[in-house]
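Me: I have a structure here that is new to me. Can we go through it?

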Amino acid sequence: MKTLVFGEEFHPLPPLPPVVIIYPVLKKDLFNLIQPLLPRCHSLAMCMLPDDLQAQQLVIDSFTQCLLKEKQTWLEREWDEDDKKMQMALRKQFLKSLMRAIVDLGTRRASQVTAPYEGKEFRQFYSMDARTRAVAWLRFQQGWSLEDIERALSMKRHEVIEKVHNARFLMMGQPPHWMPKQEATP
Amino acid sequence: MIDHDHFAKKIPAYFDGTLRDGEKTEFEAYVGGNPEFAQLFRQKEVEHQTLKKRIPDFMPEEDALQTMSSEIREAITHLFKDEDATLGTRVVGWFKEKL
C-alpha cells in the first residue's frame with residue numbers, strides 16, 4: 001500500500017486521456033466493418049504503385065480520406081450489430097469510395113514516380129498508365145461491370161470502354177510469362 | 001466473310017456486356033449457327049479468361065496488414081473524438097472505452 005506524503009499529489013485513477021471517444025461501440029463496429037477490405041485495397045494500391053511501402057501508405061491515406069469525407073454519414077448511421085445485410089451494403093458503399101480514393105491519389109503519385117517498374121512479371125501491365133491499370137484490375141481481376149467502374153470512379157462510359165479495350169489489346173499483345181514460348185520455325 | 005469480320009469485332013463488347021439486347025441475340029444466333037466462328041469465339045473466350053493471370057494480385061504480408069490495421073484504427077479513433085466534451089462525457093466515454 002502506498003503511503004501518502006504531505007504535499008504529494010495522489011491519483012486514485014490513471015489520468016484521463018486529453019480527448020475522449022464518445023462513440024466507442026461505433027468505433028469498434030466501424031473498424032470491424034472496414035478492416036476486411038484491406039487486402040483488396042492493398043492489391044489495387046500495388047497496381048497503382050508497385051512498391052510495397054508506397055502502396056501501404058496509399059491505402060492508409062485513402063482510408064483516412066474516406067473516413068473524414070464521410071464522417072457525418074458514419075455519425076448519423078443507425079447501427080445494428082445483427083443486421084448483416086445492412087453491414088454488407090455499408091461495406092460495399094465504403095469499398096466503392098475507397099477504390100475511387102486509391103485511384104485518384106494513386107494516379108497523382110504514380111505520375112511523380114520516375115523509376116520504371118523493374119520486375120519481370122507483369123511488365124506489360126505496368127507499361128500502361130496508372131488509371132488504365134486500375135480500370136483493368138477492377139474489370140479483369142475483380143470482375144466489376146463497366147457500370148460499376150463508371151459509377152465508382154466517376155468516369156464517363158466511353159472513357160471506361162476505351163481503357164478496358166486498350167488494356168485488353170496491350171495485355172494480349174504479348175504472351176504472358178507463364179505461357180510456353182513457340183519455337184521459331186526455320 | 002463480311003459477317004464474320006463484323007461479328008468478330010463485337011466479341012470484346014460481348015464479354016464486356018455492352019451489346020444491346022437485339023445485338024446480343026443476333027450475336028449469339030450467329031455463334032450458334034457458324035461452327036467456324038464458334039471456334040474463334042471459344043478461342044477469344046480462353047484469351048479473355050487468361051487476362052486475369054496477366055494482372056497482379058499482390059496480397060499484403062502479415063506485418064504490413066498489421067501496420068495498416070493499426071493506422072486505420074488510429075484514424076477511426078481521431079474521427080470520433082470530441083475536443084469539447086465536458087468532464088462528465090469524458091469520464092463516461094473513458095469507462096465505456098475500458099469496458
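Me: At what angle do helix H8 and helix H9 of chain A pack?
Reply: This is a predicted model, where local features need pLDDT of at least 70, side-chain atom pairs count only at pLDDT 80 or more, and totals for chains, interfaces and linings use all residues. Helix H8 (residues 146-153) of chain A packs at an angle of about 120 degrees with helix H9 (residues 157-172) of chain A, and their axes are 9 Å apart. Axes are lines fitted to C-alpha atoms, for helices over the stretch in contact, and angles run from 0 to 180 degrees between N-to-C directions.

Me: What does that make H8(A) relative to H9(A)?
Reply: Oblique, because of that angle. Under 35 degrees counts as roughly parallel, over 145 as roughly antiparallel, 65 to 115 as roughly perpendicular, and the rest as oblique.

Me: Which residues of H8(A) and H9(A) make the contact?
Reply: H8(A) contributes Leu146(A), Glu147(A), Ile149(A) and Glu150(A), and H9(A) contributes Arg157(A), Val160(A), Ile161(A) and Val164(A). Contact means heavy atoms within 4.5 Å. Residues are numbered from 1 along each chain as its sequence is written.

Me: Now chain B. How many helices and strands are there?
Reply: Chain B has 6 helices and 1 strand, in the order α-α-α-α-α-β-α along the sequence. These are DSSP runs, with at least four residues (H or I) for helices and at least two (E) for strands, numbered from the N terminus.

Me: How much of chain B is buried?
Reply: 33% of its 99 residues, where buried means under 20% relative accessible area (1.4 Å probe, protein chains only).

Me: What is the average pLDDT of chain B?
Reply: Chain B averages 85, and 84% of the residues score at least 70. pLDDT is the predictor's confidence in each residue, from 0 to 100.

Note on methods:
Chains are lettered from A and ligands numbered from 1 in the order in which they are written. Side-chain values use heavy atoms; hydrogens and water are left out. Buried means under 20% relative accessible area, exposed over 50%, partly exposed in between (1.4 Å probe, protein chains only).
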